[in-house]
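Student: I have a model open and want to learn how to read it. Where should we begin?

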Amino acid sequence: MAELIIVFREVLEATLIVGILYTYLIKVGNHSAIIRLWQGVLVALAASLVGSLLFYELAGGFTGRSAKIFEGIVMILAAGILGSMILWMAKNSNISGELQEQASKALKADKLGFGIFSLAFISVFREGIETILFLFGVTTQKGGLSIPLSFLGAALGIGAGYMIFIQGKKLPIKTFFNVTSGILIFVAAGMLTYGVHELESAKVIPYLGGNVDIEKGSVKATRVNGDSKNFVLDKNLDKNNVVNSAKKWASRTWDINPPKNKDGSYPIFHDKGAVGGLMKGLFGYNGDPGWVELIVWITAVLGMNFMWKRVAFQG
């Protein structure tokens with residue numbers, strides 16, 4: 001579901017930008033610049049596709065600890081960009097006027113229309129790169145991506161743009177962006193938290209909370225709530241890995257994930273199950289979060305919600 005919302009919003013934003021520029025060029029009667037506009041859009045789409053292939057090729061080249069560090073950094077970067085996008089959309093209420101002003105300057109400065117080409121290319125390509133990062137974040141967090149939902153989101157975004165600029169329908173765009181911003185705040189917080197989770201797994205960020213005692217033949221892990229578990233030290237096992245597993249277990253705040261089904265599948269409310277996985281993608285749900293992850297998630301949700309309200313409703 002997160003991929004549907006993300007793609008819908010990104011495609012709608014790109015469609016609105018192109019639609020505003022197209023409407024303005026029709027209004028001023030500069031039909032030659034319209035060709036440059038569509039050229040910019042097509043080149044931006046092609047560049048986004050190439051960028052997507054290169055990015056996933058790069059991501060696939062990492063293994064083990066390097067893969068966790070890469071994914072952690074990208075997840076945190078994606079969360080930061082998504083958060084800044086939410087605030088930017090809340091702050092810039094007169095995007096149409098700003099784009100028309102930029103288009104006017106581009107037409108005056110460049111008779112050949114390359115200014116319009118650049119404006120269209122940069123605007124659409126930015127949305128494309130953002131989509132690549134956000135979908136990578138969703139894929140990493142959920143362990144997969146729904147292609148049908150992604151295409152449905154794109155179709156809905158294009159359809160909404162068509163209704164606005166071609167059919168002349170007045171859609172509640174402001175309400176749409178406000179509602180989706182509220183949802184995407186949780187998505188961004190989930191991405192940020194999962195990035196921290198990956199860096200914890202890569203031992204870049206230490207596990208905090210609980211206590212670990214190395215005893216003869218075992219490692220005793222104790223959580224803050226008093227629950228404890230013994231990890232056996234075997235000569236065939238790496239001691240550091242056993243100790244790290246004990247630290248990870250001790251750092252968990254709780255574990256409400258139900259056990260696997262007899263056939264090896266996950267129950268629906270497990271964070272890898274049907275319902276739990278949906279909540280994980282939308283809200284960053286985790287059945288057994290660590291203290292660092294929990295603190296980061298709460299801080300991110302409250303912080304972004306405060307900043308969004310402050311920017312959206314100022315004045």
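**Reading the model, pocket first**

Tutor: Start with the largest pocket, whose lining has 32 residues. Val11, Ala14, Leu45, Ala154 and Ile158 are the ones nearest its centre. Keep in mind that this is a predicted model.

Student: Which elements give two or more residues to the lining of the largest pocket?

Tutor: Four helices are named: H1 (2-28), H2 (31-59), H5 (114-142) and H6 (147-165). H1 provides the largest share, nine residues.

Student: How much space lies in the largest pocket?

Tutor: About 1,000 Å³.

Student: How do the lining residues divide into nonpolar, polar and charged?

Tutor: Count by residue class. Here 21 are nonpolar, nine are polar and two are charged.

Student: Let me step back to the whole chain. How many helices and strands are there?

Tutor: Ten helices and three strands. Along the sequence the pattern reads α-α-α-α-α-α-α-β-β-β-α-α-α. For overall dimensions, take the principal axes. The C-alpha atoms fill a box of roughly 85 × 40 × 40 Å.

Student: What percentage of the residues count as buried?

Tutor: Buried means under 20% relative accessible area. By that cut-off, 43% of the 315 residues in the protein chain are buried.

Student: Which residues have the most contacts inside the largest nonpolar core?

Tutor: Ile6, Phe55, Leu82, Phe134, Leu184 and Met191. The core itself has 39 residues. At least two residues each come from H1, H2, H3 (64-91), H5, H6, H7 and H10 (291-312). H3 gives the most to this core, ten residues.

Student: H1 keeps coming up. How far does H1 reach from its first C-alpha to its last?

Tutor: H1 has 27 residues and reaches 39 Å, close to the 39 Å expected at 1.5 Å a residue. Next, check burial. Of the 27 residues in H1, 21 are buried, so the helix is mostly covered.

Student: Take Ile20 in H1. Is Ile20 buried or exposed?

Tutor: Ile20 counts as buried because its relative accessibility is 12%. Now compare sequence with space. Ile20 and Ser52 are 32 residues apart in sequence, and their C-alpha atoms are 26 Å apart.

Student: Now H7. Why does the span of H7 agree with its number of residues?

Tutor: Helix H7 (residues 173-201) has 29 residues, and at 1.5 Å a residue it should span 42 Å. Its end C-alpha atoms are 41 Å apart, which agrees.

Student: Where is the kink in H7 centred?

Tutor: A kink shows as a bend between the axes fitted on either side of a residue. In H7 the kink is about 25° and is centred on Gly182.

Student: Which residue with a positive phi follows H7?

Tutor: Lys203, with phi near 70°.

Student: Where is the place of Lys203?

Tutor: Lys203 sits in the loop between H7 and strand S1 (211-215). Its relative accessibility is 49%, so Lys203 counts as partly exposed. The cut-off for exposed is over 50%.

Methods: Residues numbered from 1 in each chain as written. Predicted model: local features only at pLDDT ≥ 70, side-chain atom pairs only at ≥ 80, totals over all residues. Heavy atoms only, no water. 1 Å grid on protein atoms, 1.4 Å probe; cavity = no way out; pocket = protein on both sides within 12 Å on 5 of 7 lines; lining within 4 Å. Points joined across faces, edges and corners; volume = space filled by probe spheres on them. Nonpolar A, V, L, I, M, F, W, Y, C, P; charged D, E, K, R; others polar. Expected span 1.5 Å × (residues − 1). Bend = angle between axes of the 7 residues up to and from the residue. Core = buried A, V, L, I, M, F, W, Y, C linked by side-chain atoms within 4.5 Å. Buried < 20%, exposed > 50% of the residue type's maximum accessible area, 1.4 Å probe, protein only.
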